[in-house]
Amino acid sequence: MTLLICVNATEWLQDEELRDILQPYLPDVEIAVGHPESPRDDITMIACTKFSRGLIENTPNVQLIQKLGAGVETMIANPDLPDHVRITRLSSAAQSREIAEYFLAYVMRFQRNMGVHDDNQRKAAWVQTPPKLNKNMTVGVLGLGTIGRIAAELFVDFGFDVLGWSRSPKKIDGVDCRSGMEALPALLSASDYVCAILPQTPETTNLFDASLLAHMKPGAVLINAGRGTLIRDEDLIAALDQGTLGGAVLDVFHDEPLPSDNPLWHHPKIIVTPHISGWTIDDCWGDIAENYRRLTAGEPLLHEVDRKTGY
Ligand code: NDP
């Protein structure tokens with residue numbers, strides 16, 4: 001049995017670099033690198049960011065694809081992936097904390113009027129705009145998985161009223177947790193900030209269209225770090241132009257890198273960041289090796305994806 005590393009993201013990490021990271025965790029295991037030129041019966045697990053039909057054809061006994069990242073929507077949607085192949089993803093405590101801090105940082109930017117002060121400095125204008133008090137503001141966190149839960153708890157620590165939303169019911173200290181599609185409009189109407197960290201699934205794709213955006217509290221700010229497909233961009237721009245929404249902070253987009261002619265770049269009420277809300281995943285390398293060990297031993301895998309629900 002062999003683990004194959006085929007990162008498929010040349011600008012990020014080389015196959016050999018990841019092999020050198022993983023080999024000490026699996027000293028007795030053969031770790032192959034690169035796209036096999038011909039079929040290899042020995043490969044049972046592939047660690048990659050994406051795969052091609054050729055890669056699957058040349059690994060006829062592959063049982064597990066370990067995604068080198070958190071989102072698995074493109075893998076699940078790939079028709080070349082046989083039904084029996086399992087998928088695991090990375091779930092990093094460090095990255096989760098980074099994304100929670102990203103949400104907090106941008107919420108505090110609005111709480112403390114930092115954009116207003118930036119503009120006033122450029123005009124040399126001494127305008128004392130008072131900060132908003134956290135205890136008077138409500139943050140809605142959409143997605144209460146690994147990342148959303150940490151974000152919700154962070155906002156509780158900072159004194160906000162916190163509403164949370166997920167598919168199945170949850171209990172988190174200090175958070176008013178709600179679940180199911182029918183609970184979403186009321187949550188949006190009550191939230192001054194909406195922080196979305198949802199996976200891309202058929203249910204979440206284009207969820208934020210004009211009809212849902214219309215439920216948001218006037219002047220509210222939408223912050224999305226999950227997947228860009230959550231939002232219908234033209235409807236978001238219309239809601240901002242009409243003044244229904246106060247602002248949007250977007251880290252993820254339908255097309256990445258965001259094309260330079262995309263209007264999101266230049267909208268005065270939109271802040272764009274280039275998919276950097278979560279970056280650090282160094283704490284996950286051991287999980288890849290552990291999944292190889294568990295696969296071989298027939299034990300439950302870490303962070304296995306449910307191919308039916310899509311996350
Ligand atoms: P998890 O799988 O741990 O959590 C997903 C959460 O979304 C769960 O609470 C789940 O509900 C909820 N959810 C899914 N579908 C629905 C739905 N239809 N209605 C309501 N709630 C729903 O994922 P993570 O927290 O680790 O990550 C979330 C997503 O963030 C990833 O899928 C990825 O796309 C994105 N991401 C972005 C990064 C970036 O750099 N910007 C980095 C890492 C991740 P339930 O608990 O009931 O299952």
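**Why is it called that?**

Visitor: Why does asparagine 8 count as partly exposed?
Guide: This is a predicted model, and in it asparagine 8 has a relative accessibility of 34%. Buried needs under 20% and exposed needs over 50%, so a value in between is called partly exposed. By that rule asparagine 8 counts as partly exposed. Asparagine 8 sits in the loop between β1 (2-5) and α1 (15-22).

Visitor: How do you know whether asparagine 206 counts as buried or partly exposed?
Guide: Relative accessibility for asparagine 206 is 23%. The buried label stops at values under 20%, so asparagine 206 counts as partly exposed.

Visitor: And what about histidine 267, buried or exposed?
Guide: Histidine 267 comes out at 10% relative accessibility. Buried means under 20%, so histidine 267 counts as buried. This histidine 267 belongs to the loop between β11 and β12.

Visitor: What joins the side chains of histidine 267 and aspartate 241?
Guide: A polar contact of 2.7 Å. The cut-off for a pair of N or O atoms is 3.5 Å, so the 2.7 Å between histidine 267 and aspartate 241 passes that distance test.

Visitor: What is the peptide bond from glutamate 256 to proline 257 like, cis or trans?
Guide: That bond is cis, with omega near -5 degrees. Proline 257 lies in the loop between β11 and β12.

Visitor: Why is aspartate 283 called partly exposed?
Guide: Its relative accessible area is 39%. Aspartate 283 is in the loop between β12 and α10 (285-297). From aspartate 283 to leucine 258 you step 25 residues in sequence and 28 Å in space, C-alpha to C-alpha.

Visitor: On to the ligand. How do you know that it lies between domain 1 and domain 2?
Guide: Domain 1 (2-92 + 281-297) and domain 2 (93-272) both give residues to the shell around the ligand, so the ligand lies between them. There are 28 residues around the ligand, and Leu144, Ser168, Lys170, Ala225 and Tyr311 come nearest. By type, the shell has eleven nonpolar, eleven polar and six charged residues.

Visitor: Which polar atom of glycine 278 is 3.5 Å from an oxygen atom of the ligand, backbone or side chain?
Guide: A backbone one. For glycine 145, a backbone N or O atom is 3.0 Å from a ligand oxygen. Histidine 275 uses an N or O atom of its side chain, 3.3 Å from an oxygen atom of the ligand. The protein buries 92% of the 930 Å² that the ligand exposes when taken alone. Elements giving two or more residues to the shell are α4 (93-111), α6 (146-157) and β7 (161-166).

Visitor: What makes up the largest nonpolar core?
Guide: It has 31 residues, and those with the most contacts inside it are Leu142, Leu188, Phe208, Met216, Leu236 and Ile270. Elements that give two or more residues to this core include β7, α7 (184-190) and β10 (220-224). The most comes from α9, with four residues.

Key. Residues numbered from 1 in each chain as written. Predicted model: local features only at pLDDT ≥ 70, side-chain atom pairs only at ≥ 80, totals over all residues. Heavy atoms only, no water. Near = heavy atom within 4 Å. Polar contact = N/O pair within 3.5 Å; in protein donor to acceptor, adjacent residues only side chain to side chain. Areas by Shrake-Rupley, 256 points an atom, 1.4 Å probe, with all protein chains shown as cover. Nonpolar A, V, L, I, M, F, W, Y, C, P; charged D, E, K, R; others polar. Domains from an automatic or database assignment. Core = buried A, V, L, I, M, F, W, Y, C linked by side-chain atoms within 4.5 Å. Buried < 20%, exposed > 50% of the residue type's maximum accessible area, 1.4 Å probe, protein only.
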